[in-house]
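Here's a quick briefing to read alongside the model. Keep the 3D view open and follow the strands as you go.

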Amino acid sequence: EEEEEEEIKKKEIKELGASFIAHVTYPPKVSVEEEKEFEKIWKVKNTGTRNWNKKIYLKYQGGGEGGNEELNIQKDSKFGIVGSAKLNQALDVKLTLTAPNKCGNYRAYFSLLQIEEGKEILFGDQLLLEINVIENTMKKKWK
């Protein structure tokens with residue numbers, strides 16, 4: 001019975017699919033002023049064998065490494081509902097964040113997450129957010 005359950009789980013994961021298509025906003029290594037709110041948008045396509053339901057989230061997977069700083073986001077944080085998507089449909093996955101108050105290079109990875117019957121299923125390509133935080137020149141003028 002346990003083996004059968006495992007097979008069902010594997011089948012479910014295979015049915016969910018997502019492919020990264022493009023960075024709509026804030027391509028890798030783009031400059032963002034410190035403490036500025038910005039909206040990162042990725043174009044993603046449903047490449048699975050079934051529609052996504054309305055319980056799709058973006059989950060923070062971590063970041064940093066390679067000489068980059070990690071964003072101040074708690075590991076495993078979930079962000080807003082991405083939305084449903086039919087087979088082969090592309091949609092914009094949006095995330096609003098505030099740039100750190102310290103200059104430097106920052107990197108973070110996110111995955112799509114579907115919740116089914118209380119279980120979290122991660123799927124699809126990891127989505128990269130990579131920014132170069134620069135000094136806010138307006139803030140400096142007022143000091």
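β1 and β3 run antiparallel and are joined by five bridges. Two strands count as paired if DSSP finds at least two bridges between them, and strands themselves are DSSP runs (E, at least two residues), just as helices are (H or I, at least four residues), both numbered from the N terminus. This is a predicted model, where local features need pLDDT of at least 70 and side-chain atom pairs count only at pLDDT 80 or more, while totals for chains, interfaces and linings use all residues. Residues are numbered from 1 along each chain as its sequence is written, and side-chain values use heavy atoms, with hydrogens and water left out.

**The three-stranded sheet**
- β1, β3 and β7 make an open sheet in the order β1-β3-β7, with antiparallel pairing.
- The edges are β1 (18-23) and β7, each of which pairs on one side only.
- From one strand to the next, the twist averages 35° (axes are lines fitted to C-alpha atoms, for helices over the stretch in contact, and angles run from 0 to 180 degrees between N-to-C directions).
- Between β3 and β7, which also run antiparallel, there are nine bridges.

**Who sits opposite whom**
- Ser19 faces Lys45 of β3.
- His23 has Trp42 in β3 as its bridge partner.
- Trp42 also stands opposite Val93 in β7.

**The nonpolar core**
- A nonpolar core here is a set of buried Ala, Val, Leu, Ile, Met, Phe, Trp, Tyr and Cys residues joined through side-chain atoms within 4.5 Å.
- Buried means under 20% relative accessible area, exposed over 50%, and partly exposed in between (1.4 Å probe, protein chains only).
- The largest such core has 30 residues, and Trp42 is among those with the most contacts inside it, along with Trp52, Leu58, Phe110, Leu112 and Leu129.
- At least two core residues come from each of β3 (37-46), β4 (56-63), β7 (90-98), β8 (104-116) and β9 (119-134).
- β9 gives the largest share, six residues.

**The chain as a whole**
- Two helices and nine strands make up the count for the protein chain, in the pattern α-β-β-β-β-β-β-β-β-β-α along the sequence.
- Of its 143 residues, 36% count as buried.
- Among contacts (heavy atoms within 4.5 Å) with a separation of 6 or more, 73% are between residues 24 or more positions apart.
- The protein chain exposes about 8,800 Å², with carbon and sulfur atoms supplying 47% of it (areas by the Shrake-Rupley method with a 1.4 Å probe; for residues, only the protein chains shown count as cover).
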